[in-house]
Amino acid sequence: MAESEGMSSRGATRARTRKPRIGLALAGGGPLGGIYEVGALLALDEALDGVDLSDVDIYVGVSAGAVVASALANGFTTTQLFELLVDETGGQPRMDPEIFFRPAVREYTSRLVATPWLVVSELIEAARNPLDVNVLRSVARLNQSVPPGLFDNTPVHEYLRDLYSGEGHSNDFRTLKRELYVVAVELDTGETVCFGQPGQDDVPISKAVQASAALPGMYLPVDIDGHHYVDGALRKTLHASVALERGAGLLFCINPLVSYDADLARSRGKGRHDKLAHGGLAVVMSQTFRTLIHSRMQVGMGKYAQEYPGQDVVLFEPDSDDPEMFFNNVFSFASRTRVCQHAYEMTRRELRARRQELEPVLARHGVRLRGDVLEAEPGRVDRLLAAMKGHAGAARGRHAVLRELGGTLDELESWLEERS
């Protein structure tokens with residue numbers, strides 16, 4: 001069964017016979033993918049009537065999508081997500097980009113210390129058996145001195161742990177009002193692990209998200225109770241079946257990364273290169289990675305209609321000729337505001353284009369599209385940015401008043417001391 005998480009057939013049957021519920025599944029895509037999801041969610045939240053995306057029944061998150069899903073499951077609204085991940089009016093977003101790029105210094109040091117012993121052991125082995133010297137084998141052994149990741153994403157766990165310790169939130173799967181499932185892969189077995197399900201719900205949410213977002217090579221594998229975990233997208237892109245197995249009658253899915261159609265983009269006047277090979281190694285590798293994960297997701301999505309009859313899956317993702325998402329570094333925060341606004345506008349456009357298709361599907365679950373909102377001029381992201389700037393200006397004004405008042409009180413105190 002596509003994207004099955006190991007539920008028993010009896011458990012799956014129980015999930016399917018429950019009252020249909022609404023779910024949200026969010027794929028990975030690096031920090032920029034999470035920001036794209038925020039923009040898309042803002043558009044959906046504005047245009048859908050009958051559903052609150054910060055209060056659906058089931059959330060499933062993978063990698064960057066796990067960050068967004070865990071915040072929504074904790075009751076943060078789409079507007080608050082915008083403030084946390086996108087807002088730049090205060091100089092830095094509340095989720096500091098630096099938390100994604102802490103060098104794994106301790107790991108570098110431990111590997112460096114072990115390197116001389118590895119070299120010596122290989123030289124001793126070569127001296128003992130000069131006729132059995134195997135260069136490739138020696139190189140493989142010396143590879144143990146290379147750290148398994150460039151960065152340590154522990155700050156992601158620390159940030160979310162502190163965020164979810166606030167009033168009205170929880171860092172414990174078991175005490176959430178809504179179901180949350182965070183998907184990772186156990187490195188030693190290659191098996192999918194769904195944190196939040198029974199038996200895997202005692203792990204702190206923040207730690208599960210850290211594990212789900214540990215992209216191999218980029219981040220160190222995350223140690224949880226002696227097991228090492230990496231990015232959940234290693235096995236499957238979206239893991240939508242996790243929500244479907246648990247009875248989601250209507251499942252909204254957002255996938256930020258798609259393969260790029262350079263020919264289509266060029267025919268529409270949006271292409272940046274005649275051939276992607278002209279863009280260099282980074283462009284070729286980006287297309288390769290996106291094609292692999294997107295084609296895998298399409299195969300899974302194609303099976304859901306047969307495997308989950310009566311359950312509706314609605315997917316939103318960028319267009320295949322969208323250069324804005326393809327040519328942006330997924331680990332860059334420099335263009336986060338533009339990407340968020342782009343996702344918001346593209347999702348609105350997609351809702352208008354698919355309106356006849358979506359309305360009957362949504363109506364089966366008590367949800368409707370707000371035509372008045374879709375036909376109105378877009379601007380929610382602009383309004384949010386303006387509001388953020390207004391708040392920042394007001395805060396600066398309050399700080400100036402407080403500084404002036406503090407100075408006046410200091411002068412008054414000095415005057416009273418002189419008189420006394």
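Trainee: How many helices and strands does the secondary structure of the protein chain come to?
Mentor: Happy to start there, with the reminder that this is a predicted model. The protein chain has 420 residues, and 50% of them count as buried. Its secondary structure comes to 16 helices and 12 strands.

Trainee: What share of the contacts in the protein chain with a separation of 6 or more comes from residues 24 or more positions apart?
Mentor: Take the contacts in the protein chain whose partners have a separation of 6 or more, and ask how many of these join residues 24 or more positions apart. That share is 78%.

Trainee: Which residues does Phe195 touch, not counting residues up to four places away in sequence?
Mentor: Good one to look at in the model. Phe195 belongs to strand β6, residues 192–195, and is buried there. Leaving out residues up to four places away in sequence, Phe195 touches Phe173, Leu180, Tyr181, Val182, Ala184, Gln200, Val203, Ala208, Ala211, Ile224 and Tyr229.

Trainee: Which residues of strand β6 point the other way from Val193 and Phe195?
Mentor: Strand β6 has two sides to consider, and the residues pointing either way are all buried. One of them, Cys194, has 1% relative accessibility, under the 20% cut-off, so it counts as buried. With Val193 and Phe195 on one side, the residues pointing the other way are Thr192 and Cys194.

Trainee: Why is helix α4 largely enclosed by the rest of the structure?
Mentor: Look at its residues one by one, over 78–85. The buried ones are Thr78, Leu81, Phe82, Glu83, Leu84 and Leu85. Helix α4 is largely enclosed because the buried residues number 6 of the 8.

Trainee: Is Arg246 buried or exposed, and which backbone oxygen does its side chain reach?
Mentor: Arg246 lies in the loop between α9 and β10, and its 6% relative accessibility means that it counts as buried. Glu179 is 67 residues away in sequence, with a C-alpha to C-alpha distance of 9.5 Å from Arg246. The side chain of Arg246 reaches, at 3.0 Å, the backbone oxygen of Val242.

Trainee: How many aromatic pairs are there, and why is the pair of Phe151 and Tyr219 tilted?
Mentor: A search of the whole structure gives 7 aromatic pairs. Phe151 in β4 and Tyr219 in β7 form one that ties together parts 68 residues apart in sequence, and both residues are buried. Their ring centres are 6.4 Å apart, and the pair is tilted because the planes lie at 55 degrees.

Trainee: Which residues do ring pairs link into a cluster with Phe326?
Mentor: Phe326 has 5% relative accessibility, so it counts as buried. The rings of Phe326 and Phe327 have centres 4.9 Å apart and planes at 90 degrees, so that pair is edge-to-face. Ring pairs link Phe326 into a cluster with Tyr260 and Phe327.

Trainee: How many disulfides does the structure hold?
Mentor: A disulfide is a covalent bond between the sulfur atoms of two cysteines. Cys253 is a buried cysteine, with a relative accessible area of 0%. The number of disulfides in the structure is 0.

Methods: Residues numbered from 1 in each chain as written. Predicted model: local features only at pLDDT ≥ 70, side-chain atom pairs only at ≥ 80, totals over all residues. Heavy atoms only, no water. Buried < 20%, exposed > 50% of the residue type's maximum accessible area, 1.4 Å probe, protein only. Helix = DSSP H or I, 4+ residues; strand = E, 2+ residues; numbered from the N terminus. Polar contact = N/O pair within 3.5 Å; in protein donor to acceptor, adjacent residues only side chain to side chain. Contact = heavy atoms within 4.5 Å. Disulfide = S-S within 2.5 Å. Phe/Tyr/Trp six-rings, centres within 6.5 Å; stacked < 30°, edge-to-face > 60°.
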